[in-house]
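Thank you all for coming. I would like to walk you through one model this morning, beginning with a pair of helices and then turning to the strands.

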Amino acid sequence: MAFPRDFLWGGAVAANQCEGAYNIDGKGLSIQDVMPQGVMGPMTPQPTANNLKLEGIDFYHRYKDDIRLLAEMGFKVFRTSIAWSRIFPNGDEQEPNEAGLAFYDALFDECHKYGIEPLVTLSHYETPLHLTTEYNGWANRKLIGFYTHYATTVFTRYQHKVKYWLTFNEINSVLHHPLMSGGIFTPKNELSQQDLYQAVHHELVASAMATKVGKEIMPQAKFGCMVLSLPVYPLTPDPDDVIACMHADHKNDFFADVHVRGYYPGYMQRYFREQGIQIQFAADDAQILTNTVDFLSFSYYFSTCETAQENADSASGNLMGGVRNPHLTASEWGWQIDPQGLRYILNKYYDRYQLPLFIVENGLGAKDVLITDGAGEPTVNDDYRIQYLRAHLEQVHEAIEDGVPVMGYTTWGCIDLVSASTAQLSKRYGFIYVDREDDGKGTLSRYKKKSFYWYQNVIHSNGAEL
């Protein structure tokens, strides 16, 4: 068993979860700097000492050593994000922060030193705080202009260094977490459906505008959208459950449909009509939306079920949940484990869109235990992670055999980082252990886990040896 010759093996991180240096070299505050408990907690007026993201894993100062370790594994691609507030501290300035631009120059140069292609997300849950408090985030149409200016700035700066771009991270998650995903200051329980979907519209227009501008500046580059994938199965064969499943699919598919097809689908127009939602289109919005993406990327961690029954058992997951599947086991954080769901969603997306697909997040969050190996070196025997990733990669290969064009696979949190959902470091995903605990203690030293060598061999064999 082998993967396509040009398959892009690698890993993924987000700036706000690994860089730290939250107030260094002119960086402004992002929403993450005042969300010490992650998505479930409240914002604080100012950064607080208990926010692990303020230091992260100090990737900002240690990136050269970290990229060297990723290169040692054989990475072909490294997915990261640009911290918007590192480039425009408030988000609405005309002139960028040169020190912020220089940092990413150096980071991308370091990647290319080892033949690693950067895959860059423009906005990964780190809206500049000023855009949230002053403008109410994406609820305000003015953000389209600010975002387009930011995108144009980094496209122009890195046009010869980055050829794979993503506009927003897990853009569909804004329906569930409007603050973290959309920088919307209005509390979720006070946010009307009208306001929420108008904010969604602003993001979709901005994404299409960035794709348009990016292709003008970099005709050879590839631009993708990024969605949180959530395979939904009917809990029973009851037709009511199947229709409930269809409605759940529509809420998720809507975002990719607009990115790939360039217009609002009929099922969403019906939903808006029945809910009394009237999306305000500016004169050129419909035309801007026709600037569609070159590929679809997505995260995959779990599947869920749906039913028309009331009081069904619920299951938690990556920012979104659903009905518990009685046939699946779950991780330590309650996320149900379903490798076959990855094959299913790959086939579903390709059947629907006929575009290349990129799995840009997949992995297992677990409480790793640092031990000493026979040679006296610190390590982690994370066979559970190897088992999880192997099972999912086997299903990726099955999808490729099904005829699905898969561009690559980047595991989430390839080096341990701060969790977005819980703001913990004890929820570890990486092949590389970072010595830092939830109370902030630790040396930040890096140690190779058992999975480090396993993934190194997977890449070396191009997936022939899982």
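Before I name any residues, let me say that contact means heavy atoms within 4.5 Å, and that helices (H or I, at least four residues) and strands (E, at least two) are DSSP runs, numbered from the N terminus. Please keep in mind that this is a predicted model, in which local features need pLDDT of at least 70 and side-chain atom pairs count only at pLDDT 80 or more, while totals for chains, interfaces and linings use all residues. Residues are numbered from 1 along each chain as its sequence is written, and side-chain values use heavy atoms, with hydrogens and water left out.

Which residues of helix 2 meet helix 4? On the helix 2 side they are Phe59, Tyr60, Tyr63, Lys64 and Ile67, and they meet Phe103, Ala106, Leu107, Glu110 and Cys111 in helix 4. The residues of this contact divide into 8 nonpolar, no polar and 2 charged, where Ala, Val, Leu, Ile, Met, Phe, Trp, Tyr, Cys and Pro count as nonpolar, Asp, Glu, Lys and Arg as charged, and the others, Gly among them, as polar.

The axes of helix 2 (residues 59-73) and helix 4 (residues 98-113) come within 9 Å and cross at roughly 10 degrees; axes here are lines fitted to C-alpha atoms, for helices over the stretch in contact, and angles run from 0 to 180 degrees between N-to-C directions. Helix 2 and helix 4 are therefore roughly parallel to each other, a term used for angles under 35 degrees.

Turning to the strands, 8 of them close into a barrel in the order 1-2-3-4-5-7-11-14, with parallel pairing, and two strands pair if DSSP finds at least two bridges between them. The twist averages 25 degrees from one strand to the next. Strand 4 (residues 164-168) and strand 5 (residues 222-228), for instance, pair in the parallel sense over 3 bridges, and tyrosine 164 has lysine 222 in strand 5 as its bridge partner.

Key
Parallel < 35°, antiparallel > 145°, perpendicular 65-115°, else oblique.
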